[in-house]
Amino acid sequence: METFEAVVLGGGIAGLSAAYQLTKQDIRPLVVEQRGSCGGLLVGADFEGVRVDLGAESFAARATEVRELCQELGLKEVAPTGSSWIFAPDGQGQATRIAHGVLGIPANLEDPALEALTADERARLELDLTMPAEVGADAKTLDILVATRMGEAALEKLVAPVAGGIHSAPLNQLAVDTVAPGLRKALLETGSLVKAAAKLRGEKPGKPAVYSIEGGMFRLPETLLAKLTEAGAQVATHTRAQAIAQVEGGFAVTVHDTKSGKTGPEDAGNERTILAKRLVVAVDSEPALKLLAGIEPLTQIVEGWQVPRGADMCGVTLCVRDERLDQAPRGSGMLVAAPTTDNPVTWAKALTHYSCKWQWAGSELAEKVGAHTHILRLSYGRRGEQPRSHSVQEAVADAAILLGFEPAEVIDGKVIHWGQAIVPHTPEHRERAAALKKAVADVQSLQVVGAWVAGTGLAAVVPDALKGEE
């Protein structure tokens with residue numbers, strides 16, 4: 001049986017971050033990835049000689065560990081440019097600006113986004129400034145917190161499109177402390193939700209909510225892979241873990257080969273067992289629970305665990321040419337509110353004007369492809385919606401609806417289906433994940449990482465993976 005100092009199951013950003021941390025301890029891990037390449041949701045593609053993100057394109061500014069990792073790897077962080085908008089897809093459709101603050105919660109009452117509220121709805125929101133700080137502060141989910149402090153209209157018009165669009169889930173399934181860490185504490189300290197948002201973000205725009213990497217977020221996993229190779233780590237792609245068992249000296253991991261299939265990696269035989277002195281489980285929730293069931297101290301915890309079903313997500317990236325886009329008519333892009341009818345003008349949940357949001361991309365496109373060239377990204381898939389197949393043609397039509405005009409020329413387009421890539425961190429799931437983490441800490445030489453246990457976004461995933469064995 002071949003033996004490794006450490007084995008990392010999963011080559012997404014969690015697995016790569018954990019493997020990198022091991023190399024800093026002079027441990028040379030084996031990274032096992034079922035797909036043909038690593039990186040998970042951080043992936044790039046070439047458009048006319050300019051490489052851009054197809055997956056996650058930013059990380060929360062609060063993620064100091066991510067920023068420090070980028071600096072350590074020699075990657076330059078960049079702030080976005082341009083304002084953000086919300087689009088209401090019912091009726092004829094309407095675009096309005098997103099409030100500066102936290103997930104659409106305004107940080108000041110002069111924000112232009114509040115024009116979406118009627119006089120009575122605005123008056124209800126302003127009660128937040130006079131009611132006791134304790135009101136709503138014990139709310140576990142975002143919908144209860146916002147509705148209690150600011151009213152249903154503020155929840156539906158200002159916050160739901162933003163928070164729901166980012167996390168691909170309804171607000172009654174979003175734990176406040178997971179999606180907006182520190183918000184409830186700031187509410188008790190400042191006395192209002194408006195002031196709490198101002199404390200976390202600043203009263204006026206200026207402090208970015210997110211950062212990216214110059215050249216694209218996909219450079220993070222690529223650089224981590226290069227560092228792992230330099231440190232003597234091994235990467236086995238097209239390899240999937242089938243089972244785990246505790247044995248003397250570590251963990252026996254049964255693996256087999258995979259091949260690319262129509263709906264993802266398929267089994268290709270060649271089953272074998274390897275010994276891992278240390279083991280990091282960094283795969284998605286479903287395979288992780290099956291693997292962890294083979295470790296006796298964890299069997300009872302994972303048994304019967306039904307992880308909340310996420311949205312079936314899809315992204316379409318367009319390279320277009322149109323002089324009108326030079327003026328960024330919708331700023332850096334817009335989030336689309338969840339439809340309230342069965343016949344909305346669009347099923348898209350967001351449009352990002354990527355080449356406006358990230359100036360490096362706009363400059364490269366102008367230089368390598370020509371003037372008036374832009375990258376637009378459209379995303380699809382909300383939790384509870386029927387899964388749909390999306391195309392470049394559909395994305396062009398949706399872009400026309402959201403922008404108010406159809407791009408004059410479509411140079412290229414790429415579609416990527418993510419499946420249920422984001423697990424909604426409901427309060428119940430969050431509590432169970434915490435219990436699992438606590439139990440794993442008592443199992444020597446084992447680490448479990450990834451978005452399904454750490455929380456959504458790089459701000460949660462990377463710091464958790466870098467902690468190492470607790």
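1. Which helix gives the most to the lining of the second largest pocket? That is α5, with seven residues. Keep in mind that this is a predicted model.

2. Start with the pocket itself. The second largest pocket has a volume of about 670 Å³. Its lining counts 30 residues. Nearest its centre lie E156, A160, P161, A337 and A338.

3. Next, the elements around the second largest pocket. At least two lining residues come from each of β8 (84–88), β9 (94–97) and α5 (152–167). By class, the lining holds 16 nonpolar, seven polar and seven charged residues.

4. Now the interior. In soluble globular proteins, nonpolar side chains tend to be buried together. Here the largest nonpolar core has 38 residues. I13, F59, L69, L220, L224 and L458 have the most contacts inside this core. Elements that each supply at least two of its residues are α1 (13–23), β6 (59–60), α2 (64–72), β12 (210–213), α9 (219–230) and α17 (458–466). Among these, α1 gives the most to the core, with seven residues.

5. I13 is worth a look on screen. Leaving aside residues up to four places away in sequence, I13 touches G39, L42, L220, P221, L224, L458, V461 and V462.

Methods:
Residues are numbered from 1 along each chain as its sequence is written. This is a predicted model: local features need pLDDT of at least 70, side-chain atom pairs count only at pLDDT 80 or more; totals for chains, interfaces and linings use all residues. Side-chain values use heavy atoms; hydrogens and water are left out. On a 1 Å grid over the protein atoms alone, a cavity is a set of points where a 1.4 Å probe fits but cannot get out, and a pocket is an open set with protein on both sides within 12 Å along at least five of seven lines; lining residues have an atom within 4 Å of a point. Grid points are joined across faces, edges and corners, and a volume is the space filled by probe spheres set on the points. Helices (H or I, at least four residues) and strands (E, at least two) are DSSP runs, numbered from the N terminus. Ala, Val, Leu, Ile, Met, Phe, Trp, Tyr, Cys and Pro count as nonpolar, Asp, Glu, Lys and Arg as charged, and the others, Gly among them, as polar. A nonpolar core is a set of buried Ala, Val, Leu, Ile, Met, Phe, Trp, Tyr and Cys residues joined through side-chain atoms within 4.5 Å. Buried means under 20% relative accessible area, exposed over 50%, partly exposed in between (1.4 Å probe, protein chains only). Contact means heavy atoms within 4.5 Å.
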